[in-house]
Amino acid sequence: MSISFATNLRSLKTAIDLKETSSKLGTVYERLPSGIRINKAADDPAGISLAQQLNTQSRLMSVAIRNANDGLAYTSLADSGLGEIAYILGRMSELALQSSNATYTNIQRSAMQTEFTALGSEVDRISSTSSFNGIPTLSATSDIVVQVGTGGDESSRFTIQSAMGTLAFLGLGSSYALTYSISGSSEDYAVSASQKAFSAIANAIDDVTRQRGVVGAAASRLSSALSYLAVARENTQAAESNLRDSDVAADTAELVRLQVLQQAQISLIAQANQEPTLALKLLT
């Protein structure tokens, strides 16, 4: 290359290389403190688009997991209420069976009737007060829809069939009042009434047992959905991490390389800037 003081090509070329090195250093400086490989769209346009989609999907899965847990809480409350109602009905059937025995007097049946009536009222009380977040669990006629997916189609929703434990639904009475009795004005009437009450309560127990099965199936399905969502969210977050996160070891090595290169280029520019003085010396 010829010697000239009008244009210092060596210095200009090294300055361009220094600018590029400094730009790369700036990118590395952005990655290391944040731990993120893609800090702006220019770093990887396609990668940031996919990473953002994965991030949104992961967040939606987190919401779906909360929804499924809420559904499980709802089924748990419904099942516990039905379990207690089944226990109460079991005690009522014992009283009805006991009262159907002709060896008891009307006075003794009167004591049985008092407990029988109180237990019937408790069935309605449990049914009317059992709720989750203000939503009745044992007295609602409409089903509960739980959003367990991340889409808007039917496959993302799960319906929990409503459970009912009221006296009216079980065919035993209405508004805290039993239709059946285990006592009467005569022994024959009391025995007959007790037998009818026993049969009605047996049918009610069957209804409660069937409903517990439906609620239990819903809880089992929700548990499976939760397990899937947890694994899917973990895999989605891992995929996003592979795209977005910085490789600290590689970036640290790149940082050292670029720093050395930058220092060398600065030194070369200083030396290249001395070349025009050679042209002046030739003139002297």
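Me: Which residues does Thr137 touch, not counting residues up to four places away in sequence?
Reply: This is a predicted model, so local features need pLDDT of at least 70. Thr137 touches Tyr74, Leu77, Ala78, Ser130, Ser131, Phe132 and Ala163.

Me: Where does Thr137 lie?
Reply: In the loop between strand E2 (135–136) and strand E3 (144–147).

Me: Is Thr137 buried or exposed?
Reply: Buried. Thr137 has 0% relative accessibility, and the cut-off for buried is under 20%.

Me: What does the side chain of Thr137 make a polar contact with?
Reply: With the side chain of Ser130, at 2.4 Å.

Me: Leu77 was in that list. Where is Leu77 found?
Reply: Leu77 is in helix H2, which covers residues 45–99.

Me: And what does Leu77 touch, leaving out residues up to four places away in sequence?
Reply: Ser130, Ser131, Phe132 and Thr137. Leu77 itself is partly exposed, at 33% relative accessibility.

Me: How far apart are Leu77 and Ala272 in space?
Reply: 82 Å, C-alpha to C-alpha. Along the sequence, Leu77 and Ala272 are 195 residues apart.

Me: Staying with H2. At what angle do H2 and H3 pack?
Reply: About 160°, with the axes 10 Å apart. H3 runs over residues 106–129.

Me: Why do H2 and H3 count as roughly antiparallel?
Reply: Because the angle is about 160°, and angles over 145 degrees count as roughly antiparallel. H2 and H3 are therefore roughly antiparallel to each other.

Me: Is the crossing of H2 and H3 left-handed or right-handed?
Reply: Left-handed.

Me: Which residues make the contact?
Reply: From H2, they are Gly81, Glu84, Ile85, Ile88, Leu89, Arg91, Met92, Leu95, Gln98 and Ser99. H3 brings Arg109, Met112, Glu115, Phe116, Leu119, Gly120, Glu122, Val123, Ile126 and Ser127.

Me: How many residues of each class are in the contact of H2 with H3?
Reply: Ten nonpolar, five polar and five charged.

Me: Where is Asn133 found?
Reply: Asn133 sits in the loop between strand E1 (131–132) and E2. Asn133 counts as exposed, at 71% relative accessibility.

Me: What about phi of Tyr176?
Reply: Phi of Tyr176 is near 65°, again a positive value in a residue other than glycine. Tyr176 lies in the loop between strand E5 (173–174) and strand E6 (177–178). Its relative accessible area is 41%, so Tyr176 is partly exposed.

Me: Over to H1. What is Thr21 in contact with, leaving aside neighbours within four places in sequence?
Reply: Leu258, Leu261, Gln262 and Gln265. Thr21 lies in helix H1.

Me: Is Thr21 buried or exposed?
Reply: Buried, with a relative accessible area of 5%.

Me: And where does Ser34 lie?
Reply: Also in helix H1, which covers residues 9–34. Ser34 is partly exposed, at 38% relative accessibility.

Me: What separation do the C-alpha atoms of Ser34 and Ser246 have?
Reply: 8.4 Å. Along the chain, Ser34 and Ser246 are 212 residues apart.

Key:
Residues numbered from 1 in each chain as written. Predicted model: local features only at pLDDT ≥ 70, side-chain atom pairs only at ≥ 80, totals over all residues. Heavy atoms only, no water. Axes fitted to C-alpha atoms, helices over the stretch in contact; angles between N-to-C directions. Helix = DSSP H or I, 4+ residues; strand = E, 2+ residues; numbered from the N terminus. Parallel < 35°, antiparallel > 145°, perpendicular 65-115°, else oblique. Left-handed = near helix turned anticlockwise from the far one by under 90°. Contact = heavy atoms within 4.5 Å. Nonpolar A, V, L, I, M, F, W, Y, C, P; charged D, E, K, R; others polar. Buried < 20%, exposed > 50% of the residue type's maximum accessible area, 1.4 Å probe, protein only. Polar contact = N/O pair within 3.5 Å; in protein donor to acceptor, adjacent residues only side chain to side chain.
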